[in-house]
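Work through the following exercises with the sequence and the model side by side. Each task is followed by its solution in steps.

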Amino acid sequence: MNILCAPWGLVALERPGKGIADIATAGFEGILLDMAVCCPAEELEKLHNRLIPLLEECEKQHIRIVTARAPYPAGNSKRPDLGELLSRLAEESIRVCGKTGCRYLIVQPLSPRGGRECEWEINRKYYLGLADMAKRNNVTILLQNQARDLNGHWIRGICSDAGEAASWVDRLNADSGEERFGFCMDTGVCSLCGQDMREYAAVLGNRIKAVILRECDGYHDTSMLPFTCVNRGQAATDWLGAVRGLRETGFDGPLIMEFGTTAAAFSQILRPQFLKLAGACAKYFRWQISMKNVLKKYDSRVLFGAGNMCRNYMKCYGEEFPPLFTCDNNGARWGERFEGLEIKPPESLKELPPDCAVFICNIYYREIERQLREMGIVNPIEYFNDEYMPSYYFDRLEYWEGEA
């Protein structure tokens, strides 16, 4: 799962060196190549030449370009040739993706003036007209969910219904004779539309090839860093539902952090420190979303910790991914059984086969990992966390101060 940064507002196209270096230092592995920002529509044929400094700097900093976004005009565009223009822009974007080795291109659906009755047929013709060129350039076209501004109020637009979006992707792939189309889930649009993101992701399933992570307040179409739009101590976006849904689908594609609105409020002097926070946030999402995929990697596993986190593991994953036993540093509990598992001393880990993974179920991850490595444990060590579990035990264990 690659973590990408939408760099616009962070990187100067003519002098990209510092911005790309800051993105790389923050831990991002790639950027979202947004064609609309790179070049005016009427000059798009010159796009690749204008991108050369950016592409060279990305290569120098080992920053990958795996996802791009084709230009799309403002929702109030009245151009009579809009459909023709967008087709031309999408085709040129596909060519750029082919030259740069970019795998995914986000192409937003058309919003025809004829209303919902003609949406599918117009978009079917539009997307299938791009399929052959996408195939020649080894590009997968991603549809994206839309919100629509109705007199200052945001309502659900094309592909904001998960069932409709899934049907469109499936029908396009069937008509093109191959899996040439996928989906990009935009959490900001889901938030604007007041949607249950767990259900939305679950319905789309493995059709989701990329995810845009951005925060908005539910009233304005903004791109804020996740967890920064807060109301009464709670994030405005349903991140719990988003993580749970993506985890259940086994999502393993690009995670795109888009936070230009927040970045604009920061001084240039603070930009490197802000990007490090954004990078840590991206890594946190990758960790949480990939939790179940990591469990699947191993044929056998043990847990370290015999508390609430262990209890939640056993409730949600104990049957599907059963541990051999659990360990704890509290010697008074050795030999007891907890949630059906025998509690053993840490020394017992030395008897494990080398491919058995140890999942630390305790918030002192780094300290416990260091303890195990100093003991000579060579097994894979993973961190387990229950903040985004499918469900919880509410009769949580209470500890005296100082206990693990």
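**Exercise 1. Salt bridges**

Find which residues are linked with Asp34 in a network of salt bridges, then examine three further pairs.

Solution. Step 1: Asp34, Arg69 and Glu258 are linked in a network of salt bridges. A salt bridge here is a side-chain nitrogen of Lys or Arg within 4 Å of a carboxyl oxygen of Asp or Glu. The structure, a predicted model in which local features need pLDDT of at least 70 and side-chain atom pairs count only at pLDDT 80 or more, while totals for chains, interfaces and linings use all residues, holds 17 salt bridges. Residues are numbered from 1 along each chain as its sequence is written, and side-chain values use heavy atoms, with hydrogens and water left out.

Step 1: Arg286 pairs with Glu29, and their closest N and O atoms are 2.8 Å apart. This pair links distant parts of the chain, 257 residues apart: Arg286 belongs to helix α11 (residues 271-289), and Glu29 to the loop between α1 (17-25) and β2 (30-34). Helices (H or I, at least four residues) and strands (E, at least two) are DSSP runs, numbered from the N terminus.

Step 2: Assign the burial classes. Buried means under 20% relative accessible area, exposed over 50%, and partly exposed in between, with a 1.4 Å probe and protein chains only. Arg286 has 22% relative accessibility and therefore counts as partly exposed. Glu29, at 24%, also counts as partly exposed.

Step 3: Arg214 and Asp221 form a salt bridge with the closest N and O atoms 2.9 Å apart. Arg214 is buried because its relative accessibility is 5%, whereas Asp221 is partly exposed at 43%.

Step 4: Arg180 and Glu178 meet through their side chains at 3.1 Å, N to O. Arg180 is buried, with a relative accessible area of 9%; Glu178 is partly exposed, at 24%.

**Exercise 2. Helix α5**

Check whether the length of α5 agrees with its number of residues, and locate its bend.

Solution. Step 1: The expected span of a helix is 1.5 Å times one less than its number of residues.

Step 1: At Leu130, α5 bends by about 30°. The bend at a residue is the angle between axes fitted to the seven residues ending there and the seven starting there.

Step 2: List buried positions. Among them in α5 are Trp120, Asn123, Tyr126, Tyr127, Leu130 and Ala134. An α-helix has 3.6 residues a turn, so residues three or four places apart point the same way.

Step 3: Look past the helix end. Asn138 is found in the loop between α5 and β5 (140-144), and its phi is positive, near 55°. Most residues other than glycine have a negative phi. Asn138 counts as exposed because its relative accessibility is 59%.

Step 4: Glu339 also has a positive phi, near 55°. Glu339 sits in the loop between β15 (337-338) and β16 (341-344) and, at 29% relative accessibility, is partly exposed.

**Exercise 3. Nonpolar cores**

How many residues does the largest nonpolar core have, and which of them have the most contacts inside it?

Solution. Step 1: A nonpolar core is a set of buried Ala, Val, Leu, Ile, Met, Phe, Trp, Tyr and Cys residues joined through side-chain atoms within 4.5 Å. The largest has 80 residues, and Phe28, Leu54, Met185 and Phe259 have the most contacts inside it. Apart from this core lies another of 36 residues, including Leu295, Leu303, Ile343 and Leu372.

Step 1: Contact means heavy atoms within 4.5 Å. Beyond its neighbours within four places in sequence, Leu54 is in contact with Trp8, Val11, Leu13, Pro16, Ile20, Ile31 and Leu33.

**Exercise 4. Cysteines**

How many disulfides does the structure hold?

Solution. Step 1: A disulfide is a pair of cysteine sulfur atoms within 2.5 Å. The structure holds zero. For Cys102, the nearest cysteine sulfur is that of Cys97, 3.9 Å away.

Step 1: The sulfur of Cys190 is 7.2 Å from the closest cysteine sulfur, in Cys193, which is too far for a bond.

Step 2: Both Cys102, with a relative accessible area of 1%, and Cys190, at 0%, are buried.
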